[in-house]
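Hi,

Here is the structure I promised to pass on.

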Amino acid sequence: MLPSQPLLHAGVFALTVLQALASNTFTAAVYEHAVILPDPTDKPVSPDDALALMNKNMDVLEGAIKEAAQQGAHIIVTPEDGIYGWKFTRESIYPYLEDIPAPVVNWIPCTDPSRFGPAPVQERLSCMARNNSIYVVANIGDKKPCNSSDPSCPSDGRYQYNTDVVFDPEGKLVARYHKYNLFRGETQFNYPKEPEVVTFETPFGKFGIFTCFDILFHEPAVVLVSKMQVDTVLFPTAWMNVLPFLTAVEFHSAWAMGMGVNLLSANTHNINFAMTGSGLFTPEGPASYHYDTETEDGCLLLAELSAYPSLSPTYPPAINWSLYATSIKEFPGENNTFSGSVRKDIFTFSELRHKAGNYTVCQGDLCCHLIYQRSNKTKNEVYVLGAFDGLHGSLIKYHWQICTLLKCKSTDLDTCGQPVETAQTKFEMFSLSGTFGTNYVFPEVLYSGVQLAPGEFEVM
């Protein structure tokens, strides 16, 4: 049976509208928030006091959301712990939690706030999105009851999850993600029984989402990109910068380059805990970023990004990261090696003793190759080529393979691997490669002042 003429016209009109809404670019925003923290306590506060604290933070976030929308942003990401802070016990965080349903329920909390019980935080976030016609991404806490028939059920009869939520421009809940890889201090939360891979479609690409510590693990981070083929990853985080390999701006930008996606990274801001570093990162480098260890102020960042970066004419070509390194024969000549520690990880190092040279250092299955030339060598500075192939972490272990060109803290080789923040030696060029065991490699570059310079390196 053929549709009537008016219905056919309506269908064609709807398709035209959808095509008009679809865009090859979009404006994204992230907000680095100086979170207003609760008073430390092991005992739960009243629900009213918990909501009062969260409303103070949401007042700040709402201002940032309005400003972003006025500047044309289509989506804004706010930080992990951005609404109630951190340092809770399992009991003391409970008044801050809400029951967050799965998005399949088709719910707009702003217009139907009591459908799933009291949900004032979800209602307000939904209204922020709806009133400003913008996607809003926030991090809050979810609670789910359980009973003795579930052998994993905690003794207090509930699961508690570190949770990201996404509301679309109508205020509808379109995504919910429970953090899977909890950091060692997050004892107030449970991790889901299986890692979640959460995606949703927008008029400007396919989006995925995960939280902070998740970025260091195969699930969900690598799976989200390699199997679900998202264009943009949303990344609420509470990131504490640690030299040399886990600084927020540098690592997050390198992750976006290595995975070939946009990464919208929103960090909390607290200089006492070395928390800063947010940005809008692309496969080609950072579009905009912020790093501030001096002030207590928050910061709103906006940038226009490619909605489908893999279709962009400037998208970096596919790379076999280990092909170059495996094609190189081990360099001849002087290559004395020694061991050194970088935050408890034992590296194999080789000192760069000449103005120019070729070096190879191996550890486990990883061989790192360096070709370099420097125009000057400051007498009191020592540089090394380093390799690490092993498990990193204390309570939670994950496998790292690292090739690094590293400045030692002093001329004493025992200091190689200790944090360093300044350098005077100038390298005219260097080529660093490794026989990595994966096809995702993160090309991270640190400079004095802890900034990443886009376009300063070439992938071979």
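Where does Pro244 lie? Pro244 is in the loop between β8 (232–237) and α5 (248–259). For the labels, helices (H or I, at least four residues) and strands (E, at least two) are DSSP runs, numbered from the N terminus. The bond that joins Leu243 to Pro244 is a cis peptide bond, with omega about 0 degrees.

Before I go on, two words on what you are looking at. It is a predicted model, where local features need pLDDT of at least 70 and side-chain atom pairs count only at pLDDT 80 or more, while totals for chains, interfaces and linings use all residues. Residues are numbered from 1 along each chain as its sequence is written, and side-chain values use heavy atoms, with hydrogens and water left out.

Now the overall picture. The protein has six helices and 19 strands. Its radius of gyration is 24 Å, close to the 23 Å that the globule rule gives for 460 residues, so the protein is as compact as a globular protein of that length. (That radius is taken over C-alpha atoms, and the rule is 2.2 Å times the number of residues to the power 0.38.) The C-alpha trace spans about 75 × 60 × 45 Å along the principal axes.

Of the 460 residues, 53% count as buried, meaning under 20% relative accessible area, with exposed being over 50% and partly exposed in between (1.4 Å probe, protein chains only). As for contacts (heavy atoms within 4.5 Å), take those with a separation of 6 or more: 68% of them come from residues 24 or more positions apart.

The protein is divided into domain 1 (25–311) and domain 2 (322–438), with bounds from an automatic or database domain assignment. Where they touch, domain 1 gives 10 residues to the contact and domain 2 gives 15 residues. The centres of the two domains, taken over C-alpha atoms, are 35 Å apart.

Back to the backbone. Most residues other than glycine have a negative phi, and most peptide bonds are trans. Pro220 has its place in helix α4 (residues 218–226).

- Asp81 is not a glycine, yet has a positive phi of about 60 degrees. Asp81 sits in the loop between β2 (75–77) and α3 (120–132), and counts as buried at 10% relative accessibility.
- Cys212 also has a positive phi, near 40 degrees, in a residue other than glycine. Cys212 is in the loop between β7 (205–209) and α4, and at 8% relative accessibility Cys212 counts as buried.

Ser288 belongs to strand β11 (residues 285–290). Leaving aside neighbours within four places in sequence, Ser288 is in contact with Ser278, Gly279, Leu280, Leu301, Leu302 and Ala303. Val249 is 39 residues from Ser288 in sequence, and the two are 10.0 Å apart in space, C-alpha to C-alpha.

Cheers
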